[in-house]
Amino acid sequence: MRSLHPHLLTPEQKELLWSESATPEPCRHHLGESAERCGSTPSRLYQRGRRCFAHAPDPIAAPGTSAR
């Protein structure tokens, strides 16, 4: 897939590109008050830990923020 700006990609294209460098390790995102972790796979390693596609930081958002 040729290189495009993230805001020009469809949701399906974004997830496909994201998954190309993901690993089978589980997401470690905390799910609110229950103190449980998401556990979805695949995930990628970010500064704040492993995240699945749904919990990954938004590449367009300002550093240190997430749109999800």
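Two residues are in contact when heavy atoms lie within 4.5 Å of each other.

**View 1. Meet the whole chain of this predicted model.** Start with the overall layout: the chain has one helix and two strands, and these elements follow the order α-β-β from the N terminus on. Of the 68 residues in the chain, 13% are buried. The accessible surface of the chain is about 5,200 Å², and carbon and sulfur atoms account for 54% of that surface. Take the contacts between residues at least 6 apart in sequence: 27% of them join residues at least 24 apart.

**View 2. Glutamate 20 sits in the loop between α1 and β1.** Here α1 covers 11–19 and β1 covers 44–46. Is glutamate 20 buried or exposed? Glutamate 20 has a relative accessibility of 59%, so it counts as exposed, the cut-off being over 50%. Look across to proline 42 as well: glutamate 20 and proline 42 are 22 residues apart in sequence, and their C-alpha atoms are 10.0 Å apart in space.

**View 3. Serine 43 also has its place in the loop between α1 and β1.** With a relative accessible area of 0%, serine 43 is buried, because buried means under 20%. Which residues does serine 43 touch, leaving aside those up to four places away in sequence? They are Trp18, Ala22, Thr23, Glu25, Pro26, Cys27, Arg50, Arg51 and Cys52.

**View 4. A closer look at serine 43 and glutamate 25.** A polar atom in the side chain of serine 43 lies 2.6 Å from the backbone oxygen of glutamate 25. Glutamate 25 is also one of the residues that serine 43 touches.

Terms used
Residues numbered from 1 in each chain as written. Predicted model: local features only at pLDDT ≥ 70, side-chain atom pairs only at ≥ 80, totals over all residues. Heavy atoms only, no water. Helix = DSSP H or I, 4+ residues; strand = E, 2+ residues; numbered from the N terminus. Buried < 20%, exposed > 50% of the residue type's maximum accessible area, 1.4 Å probe, protein only. Polar contact = N/O pair within 3.5 Å; in protein donor to acceptor, adjacent residues only side chain to side chain. Areas by Shrake-Rupley, 256 points an atom, 1.4 Å probe, with all protein chains shown as cover.
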